[in-house]
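Hi there,

Here is the structure I promised to pass along. Please have a look at it first, and my notes on what turned up follow below.

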Amino acid sequence: MKNRKDEIQSLCEDLINWIRKNKKALLILNSKCSRDTEFWMSNDFDFVCSVLELFYKNNLRLLNQRLKPKGKVVIILSYNEPITMSIIPVLNALVVGNKLTVRPSHRGRDIFNYIWRESGIIDRHKLDLKIWEQDRLSDGELKNTQALYFFGGYKNAKEMSILCSKYFIEFYPQIEAADFKIIKYDHPEDFDIKQDIEATLNEAFSHSGQACQRVQGVFVPERDYKKYSENMLTSFNKLCHSLEIKNYISENLDVDEKIIKSTIIEIAKSKPEKIIRAPTRLGLPILVLDPNPVSTFVQSAYFLPIIWIASYSSEKKLLKYIGLRQFHLGINIQSDNEDFISRIISNTCYTRYTVNTDHSRVRPEEGWGGTWPSGYTGYKSWIELFSYPYEILRK
């Protein structure tokens with residue numbers, strides 16, 4: 001598929017018409033795949049529609065450039081947020097002219113096939129898209145592949161990186177891990193605690209903890225810890241005893257209770273001031289107050305709807321806590337001190353930083369995870385990730 005305006009707009013319109021016409025069936029397939037709540041599935045649905053409607057307009061500058069496709073590329077998808085992930089990266093890979101193979105997760109095959117194959121979109125638009133049905137890609141499928149884009153867990157990413165190095169394949173991992181935020185205000189009167197806590201809880205528990213770019217914990221200065229934690233506890237209890245909790249925790253949430261029990265053990269080992277569990281079937285979500293910042297619990301990434309609040313006494317200690325984390329995906333910084341912000345960014349090696357904005361907010365015109373920076377490779381959009389933009393220079 002060439003990146004011509006009429007072809008791209010026709011493909012986007014076809015996708016929009018299909019998913020809108022079949023929204024009910026699509027949400028059923030989504031629930032079978034991710035066990036997500038109806039609220040977040042509908043949220044993803046609306047987001048994807050917005051992306052498709054604005055796709056050509058928002059990518060006009062890039063699509064008007066000379067774009068050389070990577071060639072033969074592979075995308076490996078996880079089961080998380082399947083409506084979004086089944087469409088957005090795939091669309092971007094195709095419009096620049098790649099020969100694409102997609103291996104959906106085992107749980108995500110039905111929804112992926114429904115969107116692309118059962119809709120007839122692959123045949124109508126003569127898309128160079130192959131859907132790999134087996135659990136593992138064969139060595140033959142990987143040979144002569146130019147780039148592999150991986151969405152999933154750290155362990156599987158390590159295995160795929162070894163395979164990619166064997167065949168000299170460019171490897172772009174989007175790892176499932178959890179993020180945290182840092183708060184430091186020299187003028188606390190300018191900091192809206194209630195608004196921040198509302199955003200934090202929303203980002204911590206969205207998609208029942210599935211979204212990789214979510215807030216898992218908050219580092220707060222010692223002087224502000226008491227006020228922040230008290231407000232967090234009030235808001236958490238209010239949420240857990242309201243009907244709104246159904247937006248965050250599905251009755252069909254598919255979590256192994258052994259994982260929850262082992263996590264509770266790790267939480268207890270961190271010797272927190274308090275552990276508060278919601279009155280739901282699985283006791284999720286969970287709020288943990290004042291755990292040890294160097295504990296395994298704080299330093300690890302739990303793919304569960306859990307939020308912790310920890311205090312720090314100095315910038316030096318904060319940097320120590322940050323450096324000990326197992327995964328270095330992203331930091332959200334809320335501060336009115338530009339020098340502090342610069343020092344945190346300069347002295348850490350994380351793949352994504354967001355400053356004084358919601359951590360997981362993604363606007364339709366942006367790549368996955370936003371553009372400051374976005375995902376694994378910084379400021380690049382999806383179109384740039386799936387192609388080699390170039391210019392012809394003339395004297």
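Helices (H or I, at least four residues) and strands (E, at least two) are DSSP runs, numbered from the N terminus. This is a predicted model, in which local features need pLDDT of at least 70 and side-chain atom pairs count only at pLDDT 80 or more, while totals for chains, interfaces and linings use all residues. Residues are numbered from 1 along each chain as its sequence is written, and side-chain values use heavy atoms, with hydrogens and water left out.

Let me start with arginine 103, which sits in strand S3 (residues 99-103). Arginine 103 is buried, at a relative accessible area of 18%; buried means under 20%, exposed over 50% and partly exposed in between, with a 1.4 Å probe and protein chains only. Not counting residues up to four places away in sequence, arginine 103 touches Ile75, Ile76, Leu77, Trp132, Gln134, Asp135, Arg136 and Leu137, where contact means heavy atoms within 4.5 Å.

Now the chain as a whole. It has 16 helices and 14 strands. Its radius of gyration (over C-alpha atoms) is 22 Å, close to the 21 Å that the globule rule (2.2 Å times the number of residues to the power 0.38) gives for 395 residues, so the chain is as compact as a globular protein of that length. Of those 395 residues, 56% count as buried.

Next, the nonpolar cores, meaning sets of buried Ala, Val, Leu, Ile, Met, Phe, Trp, Tyr and Cys residues joined through side-chain atoms within 4.5 Å. The largest has 57 residues, and Ile182, Phe219, Tyr228, Leu287, Ile307 and Ile309 have the most contacts inside it. Helix H11 (residues 222-240) supplies the largest share of this core, 7 residues. Apart from it lies another core, of 55 residues, including Ile8, Leu67, Trp116 and Trp382.

Finally, the cavities: sets of points on a 1 Å grid over the protein atoms alone where a 1.4 Å probe fits but cannot get out, with lining residues having an atom within 4 Å of a point. Grid points are joined across faces, edges and corners, and a volume is the space filled by probe spheres set on the points. The structure holds 4 cavities of 30 Å³ or more.

Key: 1 Å grid on protein atoms, 1.4 Å probe; cavity = no way out; pocket = protein on both sides within 12 Å on 5 of 7 lines; lining within 4 Å.
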